[in-house]
Amino acid sequence: MRPDDIKPKDLRKYSILPFNAVMDKRINRTRALHVLAALCSYVDRNGVTFVSQDRLAADLGISRQAVSKQMRVLFDLGYWVYAKKRYKLSKGHI
């Protein structure tokens, strides 16, 4: 059993953002760009992630509803797409 004061170590060191997103005036200097940066920090080498909106909200210190709203903006602008699940027990779909 783990003591409560020991937290799992976060091994993420960087986030690779699409250059178009950084230069896009529609999301530049907005919360959508912050959400995209957090989302990109969870992608694997193939550009796929199954991170939850709850986890993104906790990382950014905002509500899940705020993340959901910004994810809709990013989806509408084409910065992320839904992907098929790789295996049956997968819970996410990003």
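Ser 41 sits in the loop that links H2 and H3 (helices being DSSP runs of H or I with at least four residues, numbered from the N terminus). With a relative accessibility of 14%, Ser 41 counts as buried, the cut-off being under 20% relative accessible area with a 1.4 Å probe and protein chains only. A polar atom of the Ser 41 side chain lies 2.6 Å from the backbone oxygen of Ala 38. Neighbours within four places in sequence aside, Ser 41 is in contact with Arg 12, Tyr 14 and Ser 15 (contact: heavy atoms within 4.5 Å).

This is a predicted model, where local features need pLDDT of at least 70 and side-chain atom pairs 80 or more, while totals for chains, interfaces and linings use all residues. Numbering runs from 1 along each chain as its sequence is written, and side-chain values use heavy atoms, with hydrogens and water left out. pLDDT, the predictor's confidence in each residue from 0 to 100, averages 84 over the protein chain, and 79% of the residues score at least 70.

As for H2, seven of its ten residues are buried, among them Ala 38, Leu 39 and Cys 40. Their cover includes H1 (19-23), H3 and H4.

Definitions and conventions
Buried means under 20% relative accessible area, exposed over 50%, partly exposed in between (1.4 Å probe, protein chains only). Helices (H or I, at least four residues) and strands (E, at least two) are DSSP runs, numbered from the N terminus. A polar contact is a pair of N or O atoms within 3.5 Å; within protein, one must be able to donate a hydrogen and the other to accept it, and residues adjacent in sequence count only if both atoms are side-chain atoms.
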